[in-house]
Amino acid sequence: MFWDKKTECLSRDEMTHIQETHLKKTTKYIFENVAFYKQKFDKAGLHPDDIKGLEDITRLPFTTKSDLRDNYPYGMCAVPPSHIVRVHASSGTTGKPTPVFYTAQDLENWVNCVTRNCCMAGIRQIDVCQIAFRYTLFTGAFGHHLGAERIGATVIPTSSGQTERQIMMMQDFGTTVLHCTPSYAITIAERIREMGINKNDLSLRLGIHGAEPMSEELRTEIEERLGITALRDYGMTELGGPGTSIECLEKNGYHINEDFFYPEIIDPDTCEPLPDGQTGELVFTLLQKEAMPLIRYRSRDITHLESEPCGCGRTLVRHGPIIGRSDDMLIVGGVNFFPSQLECVMLGFEEIEPHYVIRLKKKKRLDHVLVEVETAPDFWTNAPKKKIAELVQKMETKVKNIIGFSMKIDIVEPFTIPRSEGKAQRVVDERMKK
Ligand code: AMP
Ligand code: ZN
């Protein structure tokens with residue numbers, strides 16, 4: 001189903017035309033209305049008239065999270081505070097939040113994007129959508145809420161947490177679509193099993209999961225445990241929240257709402273653009289924002305772009321799964337890896353549960369990685385010690401072969417790793433501890 005078929009299926013020339021028109025407008029708009037950008041342009045000897053087409057985008061400066069922090073609270077705004085109708089902020093828990101602002105038109109555009117995405121995921125008017133993202137300054141819950149509501153679905157804003165109550169609502173109201181982080185979906189699935197509820201007695205059919213990575217292996221776990229189709233949804237506060245991109249039912253990449261979000265992939269070290277298909281850092285230019293337009297915003301998220309036709313008929317370009325963030329890539333003994341790579345390897349073992357913590361330690365000045373992971377309760381109770389030791393051995397060998405260095409795997413008692421209700425904390429870096 002489509003919300004805005006005309007835009008979602010434009011020819012490349014038509015989309016380019018829209019993007020160029022908005023890029024030129026936005027460039028002029030920020031030059032005239034945001035002192036931060038005016039100074040950047042002046043310093044680079046650049047004038048908005050120099051931007052004649054999309055190919056000129058590489059002449060524009062990048063914007064980073066620290067630019068937003070340095071200009072807290074209103075420095076990046078292009079409108080007076082009285083024109084702002086909504087504020088959200090990043091989910092970081094320490095220091096000042098990174099805020100994002102919306103005018104009435106920005107809110108309307110946001111609704112349009114999230115509604116397109118909800119339709120793309122197959123949400124219909126008859127659906128009952130339970131929003132189990134946290135309703136706070138965080139954009140996730142509000143964004144999904146707006147999209148599902150605009151379609152005319154029944155929206156239940158349960159927020160995250162109170163898992164048993166969450167499940168009771170699912171039973172009583174016949175929830176068909178669950179919106180939450182992938183790690184919270186696993187927590188819910190686990191509690192459903194503990195409560196002795198048969199997943200087939202629930203009406204759930206679809207999960208929309210975002211705000212953190214979901215490996216293919218984790219997707220399969222969620223789909224099997226809840227008996228649903230699980231789709232990935234992407235967004236970030238600075239871009240305005242969900243609505244940037246989502247997987248369609250073909251599950252072959254996230255379609256980007258390109259008329260609002262112009263994507264580029266760059267080499268995070270050299271900042272040079274990379275061609276389609278190559279993996280690097282995703283950079284977005286917000287083409288139609290009024291309150292806080294950003295150009296070439298460095299997301300730090302690592303993925304690639306794909307422009308081959310999609311089975312769903314949309315021509316919107318896609319990005320692949322987010323394989324990690326350039327700033328939370330782990331470097332251990334000089335070797336780089338992302339927690340999501342480790343997750344793929346571990347969940348390839350059927351005895352293993354998707355509950356783990358990666359601890360980085362320092363011993364005799366060398367980096368060590370200890371991974372604490374749970375097994376299925378049955379396996380833990382019934383398997384002889386020898387079998388557990390064999391499993392550890394097999395996992396350590398596989399991790400070494402695939403990731404390239406040794407990690408110590410520690411199988412821990414079921415239910416001892418804290419369960420997530422939002423974004424899971426999977427990495428604990430203890431290397432600086434005395
Ligand atoms: P926040 O601004 O708190 O909403 O966090 C945004 C960040 O969450 C992104 O930059 C990504 O690193 C991460 N994120 C959001 N959606 C996804 C997704 N579908 N897959 C992987 N990471 C995601
Ligand atoms: Zn598609």
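Helices here are DSSP runs of H or I with at least four residues, strands are runs of E with at least two, and both are numbered from the N terminus. Helix α1 covers residues 5–8, and Glu8 lies in it. Before going further, a word on the ground rules. This is a predicted model, in which local features need pLDDT of at least 70 and side-chain atom pairs count only at pLDDT 80 or more, while totals for chains, interfaces and linings use all residues. Residues are numbered from 1 along each chain as its sequence is written, chains are lettered from A and ligands numbered from 1 in the order in which they are written, and side-chain values use heavy atoms, with hydrogens and water left out.

Let's stay with Glu8 for a moment. What does the side chain of Glu8 have close by? A polar atom of that side chain lies 2.9 Å from the backbone nitrogen of Asp4, and one lies 3.5 Å from the backbone nitrogen of Trp3. Contact, here and below, means heavy atoms within 4.5 Å. If you skip neighbours within four places in sequence, Glu8 is in contact with Phe2, Trp3, Arg116, Met120, Arg314, Thr315 and Leu316.

Now zoom out to the whole chain. The protein is divided into domain 1 (1–324) and domain 2 (330–429), with bounds that come from an automatic or database domain assignment. The C-alpha centres of these two domains are 30 Å apart. How many residues of each domain meet the other? On the domain 1 side there are 24 residues, in contact with 18 residues of domain 2.

Next, helix packing. Two packed helices are described by the angle between their axes and the distance between the axes. The axes are lines fitted to C-alpha atoms, for helices over the stretch in contact, and the angles run from 0 to 180 degrees between N-to-C directions. Take helix α5 (residues 104–120) and helix α6 (residues 139–151): their axes come within 8 Å and cross at roughly 75°. That makes α5 roughly perpendicular to α6; the scheme calls angles under 35 degrees roughly parallel, over 145 roughly antiparallel, 65 to 115 roughly perpendicular and the rest oblique. From α5 the contact draws on residues including Trp110, Val111 and Val114, and from α6 on residues including Phe142, Leu146 and Ile151. The residues of this α5 and α6 contact split into nine nonpolar, five polar and two charged. For that count, Ala, Val, Leu, Ile, Met, Phe, Trp, Tyr, Cys and Pro are nonpolar, Asp, Glu, Lys and Arg are charged, and the others, Gly among them, are polar.

Another pair to look at is helix α9 (residues 216–226) and helix α10 (residues 339–347), which pack at an angle of about 55° with their axes 8 Å apart. The two helices are therefore oblique to each other. Glu217, Leu218 and Glu221 of α9 meet Glu343, Cys344 and Leu347 of α10. That contact comes out as three nonpolar, no polar and three charged residues.

Over to strand β10, where you'll find Glu264. Is Glu264 buried or exposed? With 7% relative accessibility, Glu264 counts as buried. Its side chain makes a polar contact with the side chain of Arg296 at 2.8 Å. A polar contact is a pair of N or O atoms within 3.5 Å; within protein, one must be able to donate a hydrogen and the other to accept it, and residues adjacent in sequence count only if both atoms are side-chain atoms. Not counting residues up to four places away in sequence, Glu264 touches Ile57, Thr58, Glu281, Leu282, Val283 and Arg296.

Finally, some backbone details. Tyr72 and Pro73 are joined by a cis peptide bond, with omega about -5°, and Pro73 sits in the loop between α4 (65–70) and β1 (86–89). Ser159 is not a glycine, yet its phi is positive, near 65°. Ser159 is in the loop between β4 (154–156) and α7 (163–173), and its 17% relative accessibility makes it buried. Arg300, in strand β12 (residues 297–303), also has a positive phi, about 70°, and at 25% relative accessibility Arg300 counts as partly exposed.

Technical notes: Buried < 20%, exposed > 50% of the residue type's maximum accessible area, 1.4 Å probe, protein only.
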